[in-house]
Amino acid sequence: MEENHITDGEETATKYKVTIVGSGNWGSVASKLIASNTLKLNSFHDEVRMWVFEEILPTGDKLTQIINKTNENVKYLHGIKLGKNVVADPDLEHAVKDANMLVFVAPHQFMEGICKRLAGKMKGDVQAISLIKGMEVKTEGPCMISTLISKQLGINCCVLMGANIADGIAQEKFSEATVGYREDREVAQRWVQLFGTPYFHVSAVQDVEGVELCGTLKNVVAIAAGFVDGMEMGNNAKAAIMRIGLLEMKAFSKLMFLSVKDTTFFESCGVADLITTCFGGRNRRIAEAFARNGRLMSLKRSCCRARNCRVY
């Protein structure tokens with residue numbers, strides 16, 4: 001990868017180029033956050049590439065072409081401008097070419113395939129961050145997405161999790177997030193700088209596994225909270241579910257990784273994300289719809305109602 005530098009007197013620093021791998025609802029919001037900052041920060045290239053899995057819209061147009069023409073992801077984040085410096089690219093290998101900061105925000109079930117396509121293509125000092133809430137469960141045991149990225153691509157991978165439902169952030173409503181890092185605090189601060197805005201506050205903690213497991217396990221608790229809502233058991237029961245759920249999240253995390261810190265569960269990635277997901281997340285809505293309709297409706301139909309689909 002060709003090195004790019006900026007020079008200020010005797011000081012020389014790498015100029016960072018960012019690519020976002022994924023372009024769904026959260027990926028599009030991430031591109032909006034990042035693009036607003038790369039224009040302001042001299043240490044970053046202005047252009048932000050976003051890999052888009054190409055789709056043909058009902059109009060017959062390609063999704064990438066519409067994004068680049070209108071500066072809007074009309075399918076996954078309708079009505080929100082991403083930033084004129086966001087460039088949608090349907091070619092994964094081309095999108096990451098020369099990038100030295102990679103933001104992974106694709107569905108977790110596709111990450112192994114994505115990593116296999118990128119293996120051996122990374123050159124130079126490349127840093128990655130995962131915004132993916134989930135894990136790979138294999139016969140040999142669970143595998144964190146950050147670990148999958150690090151092992152298959154041979155690069156360091158931080159994580160970003162928190163109480164941040166994408167639509168609210170897209171509308172620039174205040175939210176928080178937590179960056180989890182392993183050893184290099186300077187790299188973590190670079191990610192904080194890249195994502196942080198007046199309406200999106202980001203902090204960093206030295207606990208990758210703790211931050212990532214919080215983002216994964218809170219979805220299980222949210223399903224239980226949805227069942228409570230669907231069965232109309234009341235807020236007292238829901239509060240109990242959330243309290244016990246947080247304790248179980250902590251116990252499970254520390255069972256998997258002894259390095260997980262207690263304090264991580266009091267960051268945005270922990271209790272705050274648990275609260276917002278148990279009140280406004282998709283998993284809660286799906287569980288509530290299923291509980292309300294019982295055996296009269298399949299889980300698939302419950303998912304449709306939770307997502308406000310037109311066809312049940």
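Tutor: Start with Asp-273, which is buried at a relative accessible area of 1%. Buried means under 20% relative accessible area, exposed means over 50%, and partly exposed lies in between (1.4 Å probe, protein chains only). This is a predicted model, in which local features need pLDDT of at least 70, side-chain atom pairs count only at pLDDT 80 or more, and totals for chains, interfaces and linings use all residues. Residues are numbered from 1 along each chain as its sequence is written, and side-chain values use heavy atoms, with hydrogens and water left out.

Asp-273 forms a salt bridge with Lys-218; their closest N and O atoms are 3.7 Å apart. The pair ties together parts 55 residues apart in sequence, because Asp-273 lies in helix H10 (residues 268-280) and Lys-218 in helix H8 (residues 208-230). Lys-218 is also buried, at 6% relative accessibility. A salt bridge here is a side-chain nitrogen of Lys or Arg within 4 Å of a carboxyl oxygen of Asp or Glu. Helices (H or I, at least four residues) and strands (E, at least two) are DSSP runs, numbered from the N terminus.

Now look at H8 itself. Of its 23 residues, 19 are buried. H8 has a kink of about 25°, centred on Gly-215. The bend is the angle between axes fitted to the seven residues ending at a residue and the seven starting there. Just after H8, Glu-232 takes a positive phi of about 55°.

Glu-232 also belongs to a network of salt bridges, linked with Asp-229, Lys-238, Arg-284, Glu-288 and Arg-292. Within that group, Glu-288 pairs with Arg-284, with closest N and O atoms 2.8 Å apart. Both sit in helix H11 (residues 282-293), 4 residues apart, or about one helical turn. Glu-288 and Arg-284 are both buried.

One more pair. Lys-32 forms a salt bridge with Glu-172, the closest N and O atoms being 3.0 Å apart. Lys-32 is in helix H1 (residues 25-38) and Glu-172 in the loop between helix H6 (166-170) and strand S11 (175-180), so the pair ties together parts 140 residues apart in sequence. Lys-32 is buried at 13%, whereas Glu-172 is partly exposed at 44%. Across the whole structure, the search finds 18 salt bridges.
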